[in-house]
Amino acid sequence: MEIQLWREFLSPYQLAVDELIIKFRHLKEDFDIQGVYSPIDQVEGRVKTIDSILDKLQKKDISMNDMAEKIEDIAGIRITCQFVEDIDRVAELIKERRDMEVLQEKDYIRNIKDSGYRSYHLIISYTVHTAKGPRTLPAEIQIRTIGMNFWATIEHSLQYKYKGSIPERVQQKLSNASSAIDAIDHAMSEVRDEIMDAQVYHLRKEHTVKDILNNIQNLYKVANRREVNKIQDEFYRIYLLDDLAKLQHFSKQLDIISEGYRAQSLN
C-alpha cells in the first residue's frame, strides 16, 4: 500500500483516538470540578504505526484486505488509575456510555498472562464523522494501574529489542517485577481511603481558593480598594488556619458580596 493510501486508511483511526482522549479527559475533569475522587488518573492514546500493523498482519497471518475487520487495536486508548479498585469503576463508566459500544472484554488482572502482564482491555465500537461520512471503527481501551503500566511499558520495549523472544533469565526478572508491583498495588489499596480523602480535601481547597481569588480580583475593578484590601487580608488569615470549612464559609460570604457588585460576571 502506498504511503498516501496508508494516511487515508489511518486518518479515521486518528480522529477516533483524538476524540476519545478528549472525552475521557473531560470525564476526569468533571469529577475534579465536582470535588470528588476521579478513578481516572491519566489518559493517553495512539494509532498503531505502519510497521507495527505489518508485523501483526504477518504474525496473525492476516491479509491486508482484511486488516480493518480483523485488527481491533489500530486505535488504542490507555487509561491509568491509581488503585486496582478503580479499574472496574472505569470499565463500568465506559459500559454506561451511549456514544460507544463494548464488543469484548479481556481481563488480564484476574487472569494474569504467563509473562506477568496485567491489564484490563475493552474492545469498543466507536463512530467518527469524516469528510466522507460516518465511519464505525473498533478501538482498544486498556485500563491499568500506574504500576501495571510501568511494567507493561518496559516489557513492550524488551519485546521489541528481542523481537518477541525474550531470554528466559530476563523473562524471570520481569515475572518477579510483576509480582512485586502486584504487591505494591495491593499495599496501596490498604490505604486507599486515606489517600482519597487527602486528595479530595486538597482538590476542594484548591477550587475554593481559586473562586475566592477570582472574586477578589473582580471586586478590585468595581469596589472600594480599601474594603477589598480588608477582604484580602481576612482571606489570608483564614487560609493560614488550614480549615476547609471556614474557607468555604468565607467563600460563600464573598459570593454574596460579589453578587451585590455583579462582579462574578466580570472577566
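What share of the 267 residues in the chain is buried? Buried residues make up 40% of them, where buried means under 20% relative accessible area, exposed over 50% and partly exposed in between, with a 1.4 Å probe and protein chains only. This is a predicted model, in which local features need pLDDT of at least 70 and side-chain atom pairs count only at pLDDT 80 or more, while totals for chains, interfaces and linings use all residues. Residues are numbered from 1 along each chain as its sequence is written, and side-chain values use heavy atoms, with hydrogens and water left out.

**Overall form**

- The chain holds nine helices and five strands; these are DSSP runs numbered from the N terminus, with helices being H or I of at least four residues and strands E of at least two.
- Read from the N terminus, the order of elements is α-β-α-α-β-α-β-β-β-α-α-α-α-α.
- The radius of gyration of the chain is 25 Å, whereas a compact globule of 267 residues would have one near 18 Å. This radius is taken over C-alpha atoms, and the globule rule is 2.2 Å times the number of residues to the power 0.38.
- The C-alpha trace spans about 75 × 50 × 30 Å along its principal axes.
- Of the contacts in the chain with a separation of 6 or more, 65% are between residues 24 or more positions apart; contact means heavy atoms within 4.5 Å.

**Strand pairing**

- Strand 4 (residues 120–130) pairs with strand 5 in the antiparallel sense over 11 bridges; two strands pair if DSSP finds at least two bridges between them.
- Strands 4 and 5 form a hairpin with two residues between them, and His 129 stands opposite Pro 134 in strand 5.
- Strand 5 (residues 133–145) also runs parallel to strand 2 (residues 75–81), joined by six bridges. Here Thr 80 stands opposite Arg 144 in strand 5.

**Largest pocket**

- The largest pocket has a volume of about 1,800 Å³. On a 1 Å grid over the protein atoms alone, a pocket is an open set of points with protein on both sides within 12 Å along at least five of seven lines, a cavity is a set where a 1.4 Å probe fits but cannot get out, and lining residues have an atom within 4 Å of a point.
- Its lining has 41 residues, of which Lys 48, Ser 52, Lys 59, Asp 73 and His 156 are the closest to the centre.
- Helix 5 gives the most to this lining, with eight residues.
- The lining of the largest pocket divides into 18 charged, 14 polar and nine nonpolar residues. Asp, Glu, Lys and Arg count as charged, Ala, Val, Leu, Ile, Met, Phe, Trp, Tyr, Cys and Pro as nonpolar, and the others, Gly among them, as polar.

**Cavity**

- A search of the whole structure finds one cavity of 30 Å³ or more. A volume is the space filled by probe spheres set on grid points, which are joined across faces, edges and corners.
- Gly 116, Arg 118, Gly 147, Met 148, Trp 151, Ser 178 and Ile 181 line the largest cavity.
- Helix 5 supplies the largest share of that lining, three residues.

**Asp 114**

- Asp 114 is found in the loop between strand 3 (100–107) and strand 4.
- Asp 114 is exposed, because its relative accessible area is 82%.
- Asp 114 and Gln 171 are 57 residues apart in sequence and 9.9 Å apart in space, C-alpha to C-alpha.
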